[in-house]
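Hi,

Here is the structure I promised to pass on. Have a look at it first, and then read my notes below.

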Amino acid sequence: FHKIAPKIFGPNMFAMFQRQDINFKQIQRKKRLDRTVQFALIGSLFTGMAFVANAGISLLARVTGKSRGGVTMTMTMAAAAVSLLRKVTRSKKRDSRVEMKL
């Protein structure tokens with residue numbers, strides 16, 4: 001997080017230990033505050049993603065005339081199918097590379 005927003009988040013603990021002007025308690029306090037802000041930031045990001053997903057599902061259900069549960073189930077099954085397809089194609093590519101080496 002320090003690389004993304006250096007004015008908000010401090011460097012890692014090891015970098016802070018190198019500084020002579022800050023003691024251990026100050027480092028501890030700063031890292032605790034950093035973690036709290038990181039948790040709030042990640043939590044708000046996930047909340048926003050959930051809100052957008054919920055709004056998208058509602059809109060899609062309204063447009064198609066299907067129930068929200070049906071749309072959610074269809075999207076979940078499609079995501080699972082895509083994930084499985086990726087896994088299968090990766091393993092086939094890996095197997096073909098092994099055969100080429102032999």
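Which side chains meet in a salt bridge at 3.2 Å, N to O? Those of Lys31 and Asp34 do. A salt bridge here is a side-chain nitrogen of Lys or Arg within 4 Å of a carboxyl oxygen of Asp or Glu.

Before I go on, some ground rules. This is a predicted model, where local features need pLDDT of at least 70 and side-chain atom pairs count only at pLDDT 80 or more, while totals for chains, interfaces and linings use all residues. Residues are numbered from 1 along each chain as its sequence is written, and side-chain values use heavy atoms, with hydrogens and water left out.

Now the overall picture. The chain has three helices and zero strands, so its pattern along the sequence reads α-α-α (helices are DSSP runs of H or I with at least four residues, strands are runs of E with at least two, and both are numbered from the N terminus). Of the 102 residues in the chain, 12% are buried. Buried means under 20% relative accessible area, exposed means over 50%, and partly exposed is in between, using a 1.4 Å probe and protein chains only. The chain exposes about 8,900 Å², and carbon and sulfur atoms supply 66% of that (areas come from the Shrake-Rupley method with a 1.4 Å probe, and for residues only the protein chains shown count as cover).

Back to the salt bridges. The whole structure has two of them. The other partner of Asp34 is Lys30, with the closest N and O atoms 3.2 Å apart, and Lys30, Lys31 and Asp34 are linked in a network. Lys30 and Asp34 sit four residues apart in helix α2, about one turn of the helix; Lys31 and Asp34 are three residues apart in helix α2, also about one turn. Is Asp34 buried or exposed? Asp34 counts as buried because its relative accessibility is 2%. Lys31 is buried too, whereas Lys30, at 26%, counts as partly exposed.

Next, the surface patches. They are made of residues with over 30% relative accessible area and no salt bridge; like charges are joined within 9 Å, and nonpolar side chains (Val, Leu, Ile, Met, Phe, Trp, Tyr) within 5 Å.

- Lys25, Arg29, Arg32 and Arg35 form a positive patch. Lys and Arg count as positive and Asp and Glu as negative, with His and the chain ends not counted; a charge is placed at NZ of Lys, CZ of Arg, CG of Asp or CD of Glu. Arg29 belongs to helix α2 and is exposed, at 56% relative accessibility.
- Phe1, Ile4, Leu41, Ile42, Leu45, Phe46 and Met49 make a nonpolar patch of about 730 Å². Phe46 is in helix α2, and its 53% relative accessibility makes Phe46 exposed.

Finally, where do parts of the chain come together? Met75, in helix α3 (residues 68-101), touches Ile57 and Leu60, leaving aside residues up to four places away in sequence. Contact means heavy atoms within 4.5 Å. Met75 is partly exposed, at 41% relative accessibility. Ala53, in helix α2 (residues 24-64), is partly exposed with a relative accessible area of 41%, and its C-alpha atom is 9.8 Å from that of Thr72, 19 residues apart along the chain.

Cheers
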